[in-house]
Amino acid sequence: MLQKKIKAFFRTYNLFQYEKFILGLSGGPDSVFLLHALVHFLEIPQEKILALHIDHGWRKESEDVAKEVVDIANLYGVECLVEKLKIENASKNLEDWSRKERIKHYRAYAKSYSGVVLLGHNKDDHVEVILKRVLEGSSFLRFEGIQPIRKEQETLFARPLIDLFKSEILQACKKLQIQYVQDPTNDDDRFLRARMRKTLFPMLKESFQKEVKEPLIRIGDEAKLMKNYFEEYIKNNFNVEYRGDEVLVYAEKSEHAFVWLQLLHILSEVKYMRMSRQQLVNLSLSAACKKEPMKTHTKYGIVYAKKQS
């Protein structure tokens, strides 16, 4: 069953066309199971797979873990490279900083090899991201969670295990006798996702007397539909021009502030401009009410928005 799902994923997103697969290999059950799937389920030649292990340097034992991961990759006949993060350069939010640094390395290798990046996120990760964004007050459109496939700055990221729960992957690893590394940081309370897994989700299940993962998945599915709708609507009803560090957004007709807000959320995400929530709301209200172009300054430039004259 799992084998069929993974094969269907590769066919659906036309991934077999790639000559190089950059596999994010943490050494945990998800990424090692994905490595096993690439070699044994999909029968992709080992020379077309490059495993990349990111040594975060969070623990003294991280170098030993990196060596174990390289050994695991070698058991499958796959080359594994190790990149060590310079933790002394980390921001206060270590988890977020590390994620961004990982993405930088994945992009660099994907660009160098003209390949696709494969990551081992599963359905539990997807649910965690949805709940995190709900509680943080993110845009409705960001409730979509982790997407199966996503292009970021010309790099394609694919997550073939996103439709599998962690329990399914662990069962498969046990059945197939797949060796993997136990990472203590997954249970480290310093990190939000670890606290969510250990405390928040069990508490919600006990409080509601039912599993909360499926309802959150439905929220994510509806958010994705809403985002698809707004992306199509915006493409047909707005003009967006890029002029250096300025972005000009024009509406073909008078639009409600809510529509402007969704447009600016999408624009903010696509262009990595990351306007603050208040900037987004203020600009949306102004653009919906006034004929003069309204502007807001962001970290990366200026955004102008107005109704078409």
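Colleague: Which elements do the buried residues of α1 pack against?

Modeller: They pack against β1 (21-24), α2 (29-41), β4 (116-118), β6 (155-158) and α6 (166-176). Contact here means heavy atoms within 4.5 Å. Helices (H or I, at least four residues) and strands (E, at least two) are DSSP runs, numbered from the N terminus. Please keep in mind that this is a predicted model, where local features need pLDDT of at least 70 and side-chain atom pairs count only at pLDDT 80 or more, while totals for chains, interfaces and linings use all residues. Residues are numbered from 1 along each chain as its sequence is written, and side-chain values use heavy atoms, with hydrogens and water left out.

Colleague: Which residues of helix α1 are buried, and which exposed residues does the face turned away from them carry?

Modeller: The general idea first: an α-helix has 3.6 residues a turn, so residues three or four places apart point the same way. In α1 (residues 2-12), the buried ones are Leu2, Ile6, Phe9 and Phe10. Seen down the helix axis, these residues fall within an arc of 95° (taken from the directions from the axis to the C-beta atoms), so they line one face of α1. The face turned away from that buried side carries Lys4, Arg11 and Thr12, which are exposed. Buried means under 20% relative accessible area, exposed over 50%, and partly exposed in between, with a 1.4 Å probe and protein chains only.

Colleague: What is the phi of Asn14?

Modeller: It is near 55°, a positive value in a residue other than glycine. Asn14 sits in the loop between α1 and β1 and is partly exposed at 46% relative accessible area. Gln177 also has a positive phi, of about 55°, although it is not a glycine. Gln177 lies in the loop between α6 and α7 (192-208) and counts as exposed at 71%.

Colleague: On to the cores. Which residues touch the most other members of the largest nonpolar core?

Modeller: In soluble globular proteins, nonpolar side chains tend to be buried together. A nonpolar core is a set of buried Ala, Val, Leu, Ile, Met, Phe, Trp, Tyr and Cys residues joined through side-chain atoms within 4.5 Å. The largest one has 39 residues, and Ile6, Phe10, Leu15, Leu25, Phe33, Leu38 and Leu118 touch the most other members. At least two residues each come from α1, β1, α2, β2 (49-55), α3 (62-75), β4, β6 and α6. The largest share, eight residues, is supplied by α2. A second, separate core of 15 residues includes Leu50, Leu94, Ile103 and Ala110.

Colleague: How many salt bridges are there?

Modeller: Side chains of opposite charge can pair when their charged atoms come close. The rule is a side-chain nitrogen of Lys or Arg within 4 Å of a carboxyl oxygen of Asp or Glu, and the count comes to 19. One of them joins Lys213 and Asp124, with the closest N and O atoms 2.5 Å apart. Lys213 belongs to helix α8 (residues 213-237) and Asp124 to helix α5 (residues 123-136), so the pair ties together parts 89 residues apart in sequence. Lys213 is partly exposed at 21%, whereas Asp124 is buried at 12%.

Colleague: Where do Lys224 and Glu144 lie?

Modeller: These two form a salt bridge, 3.7 Å between the closest N and O atoms. Lys224 is in helix α8 and Glu144 in the loop between α5 and β5 (149-152), so the pair ties together parts 80 residues apart in sequence. Lys224 is partly exposed at 29%, while Glu144 is buried at 3%.

Colleague: Is Asp30 buried or exposed?

Modeller: Asp30, in helix α2, is buried, with a relative accessible area of 11%. Its side chain makes a polar contact with that of Lys166 at 2.9 Å. A polar contact is a pair of N or O atoms within 3.5 Å; within protein, one must be able to donate a hydrogen and the other to accept it, and residues adjacent in sequence count only if both atoms are side-chain atoms. The C-alpha atoms of Asp30 and Gly120 are 5.2 Å apart, although 90 residues separate the two along the chain.

Colleague: Finally, what is the mean pLDDT of the chain?

Modeller: pLDDT is the predictor's confidence in each residue, from 0 to 100. The mean is 85, and 84% of the residues reach 70 or more. Over residues 298-302 pLDDT stays under 50.
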